[in-house]
Amino acid sequence: MLRTEELLLNVGPQHPSTHGVFRIIVKLDGEIIREAIPVMGYLHRGTEKLAENLNYTQIIPYTDRMDYVSAMTNNYVLVNAVERMLGLQIPERAEYLRILVMELQRIASHLVWWGTYLLDIGAMSPFLYAFRDREMIIDFFNELCGARLTYNYMRVGGVKWDAPEGWLDKIRAFIPYMKSKLEEYDRLVSGNEIFLARIKGVGRYDADTAIAYGLSGANLRCTGVKWDLRKDQPYCIYDRFDFDVPVGTNGDCYDRYLLRLEEIVQSLRIIEQALDQIPEGETMGKAPRVIKPPEGDIYAPIESPRGEIGCFIMSKGRPEPFRLKFRRPSFVNLQILPKLLVGETMTNLITILGGIDIVVGEVDG
């Protein structure tokens with residue numbers, strides 16, 4: 001019998017799928033993982049503690065940095081919670097602009113995932129194609145709010161300002177373009193034999209396991225659980241749009257891959273309907289000059305590209321929150337990682353970790 005010794009190995013932070021400062025300590029028996037310990041790193045920015053000394057508008061730029069490929073949805077999760085505490089009425093046009101930017105952000109986020117995931121498992125070209133198409137969305141955001149990554153666009157009561165002239169027409173022209181590119185993605189990758197051998201049947205778990213670990217987003221829906229906060233607990237004006245919530249059946253990396261591509265299709269459907277319905281009008285409601293939510297607390301969740309992100313606020317009636325806490329989907333989704341990795345090979349570690357789709361800045365916060 002071949003005698004082996006256990007080896008402790010640091011995977012990351014400069015390793016595929018461990019983007020940022022995230023790493024995993026794995027205990028190896030040959031190529032087989034016997035233990036896996038996620039290490040979050042030292043990028044802790046103390047957002048929630050800093051918020052206790054900031055007024056609510058000042059907190060918004062901090063939410064941009066929590067998930068640096070999904071800043072628009074992070075802006076919204078904060079202002080939505082504050083607006084609900086204040087009972088504010090948001091102008092119709094502002095609500096539609098929010099929908100447009102959040103769904104464009106979802107597409108951009110999934111494109112980053114698609115490109116980097118395939119790069120991590122050995123395919124270079126899809127990464128270039130994904131970033132080419134994402135660049136168009138980044139240009140839209142730059143034209144709208146003057147920034148390419150950290151937007152600071154949402155405001156309590158509405159949005160920072162209206163879309164510039166011709167902006168909505170550019171978004172409309174983007175829809176058929178992106179649909180055609182998704183078909184190219186499918187032809188290039190989705191049926192590729194090498195790709196299928198790498199991810200099909202890998203990282204599998206069932207619905208009960210997903211629920212027990214608190215998973216959300218595609219990591220939950222891949223098991224057949226049809227749960228999307230845009231449908232099941234509608235916020236903003238999502239109840240006005242016709243779109244599907246795609247679900248998987250196998251709970252493996254391949255299902256999670258297919259779901260995220262289908263979610264791009266559904267986001268394009270929402271954007272198309274929003275463009276047809278958007279009215280003229282104001283983009284900022286009658287928010288108080290000094291925002292002081294009444295004493296009490298609230299938890300307000302929304303559906304981010306990575307799953308449920310929620311904002312808990314405890315107010316003492318002051319301009320600053322007494323306590324503020326974000327429920328970050330990447331952090332919660334990582335809980336299942338040690339369970340999935342034990343017994344797997346090192347090759348599958350990259351496939352499983354990338355398939356979960358974490359953003360390390362959101363994990364570290």
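Helices (H or I, at least four residues) and strands (E, at least two) are DSSP runs, numbered from the N terminus. The expected span of a helix is 1.5 Å times one less than its number of residues.

The model is predicted: local features need pLDDT of at least 70, side-chain atom pairs count only at pLDDT 80 or more, and totals for chains, interfaces and linings use all residues. Residues are numbered from 1 along each chain as its sequence is written, and side-chain values use heavy atoms, with hydrogens and water left out.

**View 1. Helix α6 and its buried residues.** Helix α6 covers residues 167-190. α6 has 24 residues and spans 33 Å from first C-alpha to last, close to the expected 34 Å. Which residues of α6 are buried? They are Trp167, Leu168, Ile171, Phe174, Ile175, Met178, Lys181, Leu182, Tyr185, Val189 and Ser190. Buried means under 20% relative accessible area, exposed over 50%, and partly exposed in between (1.4 Å probe, protein chains only). The buried residues of α6 pack against α4, α5 (125-145), α7 (193-199) and α11 (253-277).

**View 2. The largest nonpolar core.** A nonpolar core is a set of buried Ala, Val, Leu, Ile, Met, Phe, Trp, Tyr and Cys residues joined through side-chain atoms within 4.5 Å. The largest one here holds 113 residues. Ile24, Trp167 and Ile313 touch the most other members. Helix α4 (residues 92-120) gives this core its largest share, 15 residues. In soluble globular proteins, nonpolar side chains tend to be buried together. What does Trp167 contact, leaving aside its neighbours within four places in sequence? The partners are Leu97, Leu100, Val101, Leu104, Phe140, Glu143 and Leu144. Contact means heavy atoms within 4.5 Å.

**View 3. Helix α5.** α5 has 21 residues and reaches 31 Å between its first and last C-alpha, close to the 30 Å expected. Its buried residues are Pro126, Phe127, Ala130, Asp133, Arg134, Ile137, Ile138, Phe140, Phe141, Leu144 and Cys145. Their cover includes α3, α4 and α6. Ser125 also belongs to α5, and Ser125 is partly exposed at 35% relative accessible area. Ser125 and Gly115 are 10 residues apart along the chain, with their C-alpha atoms 8.4 Å apart. Gly146 follows α5 and has a positive phi, near 80°.

View 4. Leu119, Met124, Leu128, Tyr129 and Leu188 make a nonpolar surface patch of about 440 Å². Patches are made of residues with over 30% relative accessible area and no salt bridge; like charges are joined within 9 Å, and nonpolar side chains (Val, Leu, Ile, Met, Phe, Trp, Tyr) within 5 Å. Areas come from the Shrake-Rupley method with a 1.4 Å probe; for residues, only the protein chains shown count as cover. Leu188 belongs to α6. Leu188 is partly exposed, at 39% relative accessible area.

**View 5. Glu83 in helix α3.** Glu83 sits in helix α3 (residues 71-86). Is Glu83 buried or exposed? Glu83 counts as buried, with 5% relative accessibility. Beyond its neighbours within four places in sequence, Glu83 contacts Leu88, Ile90, Arg98, Arg155, Val156, Gly157 and Gly158. Ala287 is 204 residues away in sequence, yet the two C-alpha atoms are 8.8 Å apart.

View 6. A salt bridge is a side-chain nitrogen of Lys or Arg within 4 Å of a carboxyl oxygen of Asp or Glu. The whole structure has 31 salt bridges.

Glu280 and Arg93 form one of them (3.9 Å, N to O). Glu280 lies in the loop between α11 and β6 (296-304) and Arg93 in α4, so the pair ties together parts 187 residues apart in sequence. Glu280 is exposed at 69% relative accessible area, whereas Arg93 is buried at 6%.

Glu272 and Lys179 also meet in a salt bridge (3.7 Å, N to O). Glu272 is in helix α11 and Lys179 in helix α6, 93 residues apart. Glu272 is partly exposed at 33%, and Lys179 is partly exposed at 37%.

View 7. Asp357 forms a salt bridge with Arg260, with the closest N and O atoms 3.7 Å apart. Asp357 lies in the loop between α14 (346-356) and α15 (360-364) and Arg260 in helix α11, so the pair joins parts 97 residues apart in sequence. Asp357 is buried at 5% relative accessible area. Arg260 is buried at 2%. Elsewhere, a network of salt bridges links Glu103, Arg106, Arg221, Asp228, Arg230, Glu263 and Glu303.
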